[in-house]
Amino acid sequence: MRSLLIVAAVLALAAPAAAQSDSQPVHKIGDQGVKAPVIVKEVKPQYTRSAMERRVEGTVEVEAVILADGTVGDVTVKRSLDAELDEEAVRATKQWRFRPGTKDGDPVAVQVSIELTFTLK
(Lines give C-alpha, C1' and ligand atoms only; values in the text may rest on other atoms or scores of the structure.)
Protein backbone atom coordinates (compact mmCIF):
# COMPACT_ATOMS: atom_id res chain seq x y z
CA MET A 1 0.00 0.00 0.00
CA ARG A 2 1.18 3.51 -0.67
CA SER A 3 2.63 5.32 2.29
CA LEU A 4 1.66 8.77 3.35
CA LEU A 5 3.96 11.57 4.35
CA ILE A 6 2.27 14.31 6.27
CA VAL A 7 4.11 17.40 7.30
CA ALA A 8 2.44 19.92 9.54
CA ALA A 9 3.64 23.37 10.39
CA VAL A 10 2.04 25.76 12.80
CA LEU A 11 2.36 29.34 11.60
CA ALA A 12 1.20 32.67 12.93
CA LEU A 13 -1.74 34.26 11.12
CA ALA A 14 -2.62 37.85 10.52
CA ALA A 15 -6.25 37.25 11.55
CA PRO A 16 -8.16 39.79 13.61
CA ALA A 17 -7.59 39.40 17.34
CA ALA A 18 -11.20 40.33 17.97
CA ALA A 19 -12.50 37.09 16.41
CA GLN A 20 -14.46 34.81 18.75
CA SER A 21 -14.31 31.08 19.43
CA ASP A 22 -16.20 29.34 22.22
CA SER A 23 -16.82 32.75 23.88
CA GLN A 24 -13.12 33.43 24.42
CA PRO A 25 -11.34 36.42 22.89
CA VAL A 26 -8.88 35.13 20.30
CA HIS A 27 -5.35 36.51 20.20
CA LYS A 28 -2.72 36.64 17.45
CA ILE A 29 0.81 35.39 17.77
CA GLY A 30 2.96 38.49 17.74
CA ASP A 31 0.48 40.66 19.63
CA GLN A 32 1.97 42.35 22.67
CA GLY A 33 2.70 39.66 25.31
CA VAL A 34 1.21 36.75 23.28
CA LYS A 35 3.21 33.52 22.97
CA ALA A 36 2.37 30.69 20.57
CA PRO A 37 0.78 27.41 21.67
CA VAL A 38 3.04 24.34 21.52
CA ILE A 39 1.78 21.09 20.04
CA VAL A 40 1.85 18.10 22.40
CA LYS A 41 -0.33 15.63 20.44
CA GLU A 42 -0.58 15.51 16.66
CA VAL A 43 -3.09 13.27 14.87
CA LYS A 44 -2.27 12.50 11.24
CA PRO A 45 -5.15 12.82 8.75
CA GLN A 46 -6.05 9.72 6.77
CA TYR A 47 -5.70 9.53 3.01
CA THR A 48 -9.06 8.48 1.60
CA ARG A 49 -9.14 5.57 -0.84
CA SER A 50 -10.76 7.77 -3.48
CA ALA A 51 -8.08 10.47 -3.15
CA MET A 52 -5.36 7.82 -3.40
CA GLU A 53 -6.96 6.33 -6.53
CA ARG A 54 -7.20 9.81 -8.05
CA ARG A 55 -3.56 10.44 -6.99
CA VAL A 56 -4.44 13.71 -5.25
CA GLU A 57 -1.39 15.28 -3.59
CA GLY A 58 -0.81 18.67 -2.05
CA THR A 59 -1.44 20.81 1.00
CA VAL A 60 -4.54 21.73 2.97
CA GLU A 61 -4.19 24.88 5.04
CA VAL A 62 -6.52 25.25 7.98
CA GLU A 63 -7.00 28.10 10.40
CA ALA A 64 -7.61 26.89 13.95
CA VAL A 65 -8.26 28.46 17.32
CA ILE A 66 -6.25 26.85 20.09
CA LEU A 67 -8.27 27.39 23.25
CA ALA A 68 -6.90 28.32 26.67
CA ASP A 69 -7.19 24.68 27.79
CA GLY A 70 -5.04 23.47 24.85
CA THR A 71 -7.88 21.90 22.87
CA VAL A 72 -8.78 22.94 19.33
CA GLY A 73 -11.86 25.12 18.84
CA ASP A 74 -13.05 26.39 15.46
CA VAL A 75 -11.24 24.99 12.40
CA THR A 76 -11.71 26.51 8.94
CA VAL A 77 -10.18 25.42 5.64
CA LYS A 78 -8.28 28.39 4.19
CA ARG A 79 -6.61 26.63 1.25
CA SER A 80 -8.49 23.65 -0.14
CA LEU A 81 -6.95 20.64 -1.85
CA ASP A 82 -9.81 18.16 -2.28
CA ALA A 83 -13.15 17.98 -0.47
CA GLU A 84 -12.40 14.56 1.07
CA LEU A 85 -8.87 15.48 2.15
CA ASP A 86 -10.04 18.87 3.45
CA GLU A 87 -12.53 17.03 5.66
CA GLU A 88 -9.83 14.63 6.87
CA ALA A 89 -7.51 17.54 7.65
CA VAL A 90 -10.19 19.25 9.76
CA ARG A 91 -11.11 15.98 11.53
CA ALA A 92 -7.49 15.29 12.43
CA THR A 93 -6.76 18.87 13.50
CA LYS A 94 -9.66 18.86 15.95
CA GLN A 95 -7.93 15.97 17.75
CA TRP A 96 -4.62 17.81 18.22
CA ARG A 97 -3.69 19.00 21.71
CA PHE A 98 -1.45 21.90 22.68
CA ARG A 99 0.24 23.51 25.61
CA PRO A 100 -1.88 26.68 25.34
CA GLY A 101 -0.68 30.00 24.08
CA THR A 102 -0.27 32.69 26.70
CA LYS A 103 -0.67 36.43 27.05
CA ASP A 104 1.39 37.97 29.80
CA GLY A 105 1.83 34.47 31.25
CA ASP A 106 -1.87 33.54 31.34
CA PRO A 107 -3.39 30.87 29.02
CA VAL A 108 -5.47 32.39 26.21
CA ALA A 109 -7.10 31.37 22.93
CA VAL A 110 -4.71 31.88 19.99
CA GLN A 111 -5.40 31.64 16.27
CA VAL A 112 -2.91 29.65 14.19
CA SER A 113 -2.51 28.34 10.67
CA ILE A 114 -1.69 24.67 10.17
CA GLU A 115 -0.57 23.14 6.89
CA LEU A 116 -1.16 19.44 6.33
CA THR A 117 0.60 18.00 3.30
CA PHE A 118 -0.64 14.84 1.59
CA THR A 119 2.01 13.00 -0.42
CA LEU A 120 1.78 9.57 -2.08
CA LYS A 121 4.89 7.43 -2.32
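Me: Which side chain meets Asp82 in a salt bridge?

Reply: That partner is Arg54, at 2.7 Å from N to O. A salt bridge here is a side-chain nitrogen of Lys or Arg within 4 Å of a carboxyl oxygen of Asp or Glu. Just so you know, this is a predicted model, where local features need pLDDT of at least 70, side-chain atom pairs count only at pLDDT 80 or more, and totals for chains, interfaces and linings use all residues. Residues are numbered from 1 along each chain as its sequence is written, and side-chain values use heavy atoms, with hydrogens and water left out.

Me: Why does that pair tie together separate parts of the sequence?

Reply: Asp82 sits in the loop between β8 and α2 while Arg54 sits in the loop between α1 and β7, so the pair ties together parts 28 residues apart in sequence. Helices (H or I, at least four residues) and strands (E, at least two) are DSSP runs, numbered from the N terminus. Arg54 and Asp82 are also linked with Glu84 in a network of salt bridges.

Me: Is Asp82 buried or exposed?

Reply: Asp82 is buried, at 12% relative accessible area, whereas Arg54 is partly exposed at 43%. Buried means under 20% relative accessible area, exposed over 50%, and partly exposed in between (1.4 Å probe, protein chains only).

Me: What does Glu61 pair with?

Reply: Glu61 forms a salt bridge with Arg79, with the closest N and O atoms 3.4 Å apart. Glu61 is in strand β7 and Arg79 in strand β8, 18 residues apart. Glu61 counts as buried at 15% relative accessibility, and Arg79 is partly exposed at 37%.

Me: Changing topic: which residues touch the most other members of the largest nonpolar core?

Reply: Among its 25 residues, those are Tyr47, Val62, Ala64, Val72, Trp96 and Ile114. Such a core is a set of buried Ala, Val, Leu, Ile, Met, Phe, Trp, Tyr and Cys residues joined through side-chain atoms within 4.5 Å. Strand β11 (106-120) gives the largest share, 7 residues.

Me: And what is Val72 in contact with?

Reply: Leaving aside neighbours within four places in sequence, its contacts (heavy atoms within 4.5 Å) include Ala64, Ile66, Trp96 and Phe98.

Me: Last one: where does pLDDT stay under 50?

Reply: Over residues 1-21. pLDDT is the predictor's confidence in each residue, from 0 to 100. The chain's mean is 85, and 80% of its residues reach 70 or more.
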